[in-house]
Amino acid sequence: MRSLRLALIAAIAGLACAQDEPPKGVRITFLPPPLDGTMSVGVFSVEGRLVRVLAAEAQDDAFIIGLNGLMANWDGNDDAGAPLPAGKYFARGFAVGDVEIEGVAFHGNDWLDDDEAPRVRELRAVRLDGRELLLDAMSVEAAPVLVRLHLDSGEHSIAPTENSAQPAREVPGASESVWRIEDGVLTQRSGDELLRELEFPAEEPKPFALAAAPDRDELFLIERGANELRLRALRLKETKSEADGKKISEWEIFLTKSIAAQETFAQAAPAMGREQPPVAEEKVRVALMRNELIQVAPAALQVGVAIDEKGSLLRTVDGLPLHRLTTTPHLKWAALTREADGAITLWQSDGAVIEEYRVRKLDQMMAFDAGEYEWTGAK
C-alpha cells in the first residue's frame with residue numbers, strides 16, 4: 001500500500017550508506033515513488049533512446065537501500081553487454097500499481113474446451129474407428145497428439161501420442177467403392193466407373209485428407225484454406241436424376257470444427273467474434289498518477305504490448321518493460337485495441353487459439369526521475 005512505500009522513503013532518510021565495495025561503473029540513486037507496486041528503471045541516452053534496462057517489475061528489495069534512496073549499479077554496458085561510449089546519460093523509471101487483467105474469451109479454435117488439454121494447432125490425418133473419429137494432430141508445442149471424437153455425443157478428448165498417421169488421399173467407401181482426392185476434387189469410383197464427383201468452390205478450403213464409412217455414405221474431410229483449417233463430416237442426403245440421366249448427389253454437413261489462421265493479428269481479426277474486426281493500436285495513451293516527490297513529471301505515457309518466451313507484457317513504446325500481462329508460452333503476437341467505451345482489450349495468439357483479455361487500471365502508474373550521470377567509458 002502507499003503508506004508502506006511512504007514509510008520506506010522515510011526510513012531511507014535515517015540509514016547510512018552501505019559500506020560495501022565501490023561499484024564498478026555508475027551507481028544510480030533515486031527515491032521510490034509513493035505508489036505500492038513494482039518498479040522498472042532504464043538508462044537513456046541524451047537523445048532519449050533506451051540503452052539499458054536496469055530493473056523490470058522489481059520490488060523494493062531488489063535495490064540497495066542507501067542514505068539518499070534506493071540504488072542500482074550500472075556497468076556502462078547496453079542490454080547486449082556491449083560497452084557504451086563515454087558521455088551523459090539519464091536514468092528514469094515507472095512504478096506500476098494495481099493493474100488488472102481479466103480473461104474474457106477464447107476464439108478461433110473449436111477444439112479448445114479444456115484449459116488443461118494440449119492445444120491443437122494442426123490436423124494432419126483422419127481415420128474412422130466405429131463411431132469414433134481418430135484425428136492425428138500437432139499441438140502448439142509441435143508435439144504429436146491424438147484427438148478422439150465420438151460421432152454420437154460430439155464429445156472429444158486430446159492426448160499425447162507417439163505414433164502419427166500420414167494423411168490418406170484414397171480410402172475404401174461403401175459398396176466396394178473407392179473415394180479419392182484428385183486435384184482438389186473428391187471422386188467416388190467403382191472400378192473404372194465414376195459414381196460421384198464433389199467439387200469445391202474456389203474460395204472454400206480444399207480437402208487434403210479423408211476417411212469414409214465402409215457401410216454408409218458418410219465422408220470425413222480435413223480441409224485447408226487461406227484462413228481456416230477444418231474438419232467436416234458429410235452425409236449423403238439424396239441422389240436425383242436429371243432429364244439427361246445425370247445423377248446429382250445432395251450432401252448434408254452434420255459436423256464441422258475449425259481452427260482459424262492466426263499467424264498475424266490481421267489474419268486472426270475476422271475470428272475474434274466481433275461484427276467489425278478490431279483494429280490494433282501500436283501505442284495506447286494512459287494518464288499517470290502525480291508523483292508528489294518530483295516537481296516536473298509527465299502527465300501521460302504511451303504504452304504498447306510485447307511478447308517474450310514467458311508470455312506478454314506491457315512496456316513503454318521505447319522498450320522499457322512495465323508489467324507482465326499473461327504467462328501464455330509460444331506466443332506469435334499480441335496486440336492492444338480500444339473498445340467503444342474506452343476500455344483496453346489485449347488480444348494474443350500462440351497459433352492455436354486467440355485469447356481475449358480486458359486490461360483495467362492502467363492509470364495506476366507513476367513516473368520517477370533517477371538522475372543524470374556522466375559515464376567516463378570503460379577502463
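Visitor: What do β17 and β18 form, and how many residues are between them?
Guide: β17 and β18 form a hairpin, with three residues between them. Strands here are DSSP runs of E with at least two residues, helices are runs of H or I with at least four, and both are numbered from the N terminus. This is a predicted model, where local features need pLDDT of at least 70, side-chain atom pairs count only at pLDDT 80 or more, and totals for chains, interfaces and linings use all residues. Residues are numbered from 1 along each chain as its sequence is written, and side-chain values use heavy atoms, leaving out hydrogens and water.

Visitor: What makes β17 and β18 a pair?
Guide: Two strands pair if DSSP finds at least two bridges between them. Strand β17 (residues 218-224) and strand β18 (residues 228-241) are joined by seven bridges, so they pair, and they run antiparallel. Within this pairing, F220 stands opposite A233 of β18.

Visitor: How many bridges link β18 with β19?
Guide: There are 13 bridges between β18 and strand β19 (residues 247-260), again in the antiparallel sense. In β19, K247 is the bridge partner of S241.

Visitor: Why is the contact of E218 and R235 called a salt bridge?
Guide: The term asks for a side-chain nitrogen of Lys or Arg within 4 Å of a carboxyl oxygen of Asp or Glu. For E218 and R235 the N to O distance is 3.2 Å, so the pair qualifies.

Visitor: Which residue forms a salt bridge with R131?
Guide: That is E218, with the closest N and O atoms 3.8 Å apart. R131 lies in the loop between β8 (120-129) and β9 (132-139) and E218 in strand β17, so this pair ties together parts that are 87 residues apart in sequence. R131, E218 and R235 also belong to a salt-bridge network, whose other members include D152 and E252.
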